[in-house]
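I opened the notebook to record what I looked up in this model. The entries follow in the order I made them.

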Amino acid sequence: MKEDRKVKGKFFFHLSTLINMSLFTIFKVSTQGMTAQRERLEAAAANLANANSTRTSNGKFYQRRDVIFSAQDIKEEWMENTAQNGFLDIKPAQGVKSEIALASEDQFQMQYQPGHPDADANGYVKLPDVDPLEETINMMSASRSFEANATVFNTAKELARISLNLNDA
């Protein structure tokens, strides 16, 4: 890392690995985290509810839902302007983006139930490939992660409140 140098009366920093977060960025990141975990919880609940479903309302086979998380840059205008003016080389904070992926139609379990209306000629019924234990663990993990993101949000909110009250002292 190079030392700070003075350029045209301003300090110019060469901090290539600086990640700067404002309280508003923290709000955005924690909100995205809560949204992603809520989607994960919804997917696990839907999978558990349909673990023994042989078909959906439209007659198709139920496909297990999985949530895929990926990092996403948090865009803030002040950081972009600072970087464009050459004052700081700031890497943007990263939040999370979630997408729901459906299992392929060839992922299923065959269960012998000869009297079932959806049984094939050999008496087997096609059920979704849902593991109730795995889904329960996913729900517990999503719940804990949601709580952690909510705690971050509330802590940042409290810091903002305290900062606003500093002038009252």
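Entry one, N149. I found N149 in helix 3; helices here are DSSP runs of H or I with at least four residues, strands are E runs of at least two, and both are numbered from the N terminus. N149 counts as buried at 18% relative accessibility. For the cut-offs I used under 20% relative accessible area for buried, over 50% for exposed and partly exposed in between, with a 1.4 Å probe and protein chains only. Which residues does N149 touch, not counting those up to four places away in sequence? I listed S30, G33, M34 and Q37. Contact means heavy atoms within 4.5 Å.

Ground rules. The model is predicted, so I took local features only at pLDDT of at least 70 and side-chain atom pairs only at pLDDT 80 or more, while totals for chains, interfaces and linings use all residues. Residues are numbered from 1 along each chain as its sequence is written, and side-chain values use heavy atoms, with hydrogens and water left out.

At 29% relative accessibility I noted S141 as partly exposed. I then checked S141 against R40: they are 101 residues apart along the chain, and their C-alpha atoms are separated by 9.3 Å.

Helix 1 covers residues 23–49, 27 residues in total. From first C-alpha to last it reaches 39 Å, close to the 39 Å expected at 1.5 Å a residue. The expected span is 1.5 Å times one less than the number of residues. Its buried residues include S30, G33, M34, Q37 and R40. What do the buried residues of helix 1 pack against? I found strand 4 (65–73), strand 6 (94–102) and helix 3 (132–164).

Entry four, aromatic pairs. I counted four in the structure. Rings of Phe, Tyr and Trp (its six-membered ring) pair if their centres lie within 6.5 Å; planes under 30 degrees apart are stacked, over 60 edge-to-face and the rest tilted. F27 and F153 make a tilted pair, 4.8 Å centre to centre with 50° between the planes. F27 is in helix 1 and F153 in helix 3, so the pair ties together parts 126 residues apart in sequence. F27 is buried at 16% relative accessible area, and F153 is partly exposed at 25%. F61 and F108 pair edge-to-face, at 6.1 Å and 80°. That pair joins the loop between helix 1 and strand 4 to strand 7 (residues 108–112), 47 residues apart. F61 counts as buried at 15%, while F108 is partly exposed at 31%. I also noted that ring pairs link F24, F27 and F153 into a cluster.

I found one cavity of 30 Å³ or more. On a 1 Å grid over the protein atoms alone, a cavity is a set of points where a 1.4 Å probe fits but cannot get out, and lining residues have an atom within 4 Å of a point. The largest cavity has a volume of about 30 Å³. F61 is one of its lining residues, and R64, Q107 and D129 are among the others.

I logged three helices and eight strands. Along the sequence the pattern is β-β-β-α-β-α-β-β-β-β-α. Of the 169 residues, 24% count as buried. Among contacts between residues at least 6 apart in sequence, 68% join residues at least 24 apart.

Methods. 1 Å grid on protein atoms, 1.4 Å probe; cavity = no way out; pocket = protein on both sides within 12 Å on 5 of 7 lines; lining within 4 Å. Points joined across faces, edges and corners; volume = space filled by probe spheres on them.
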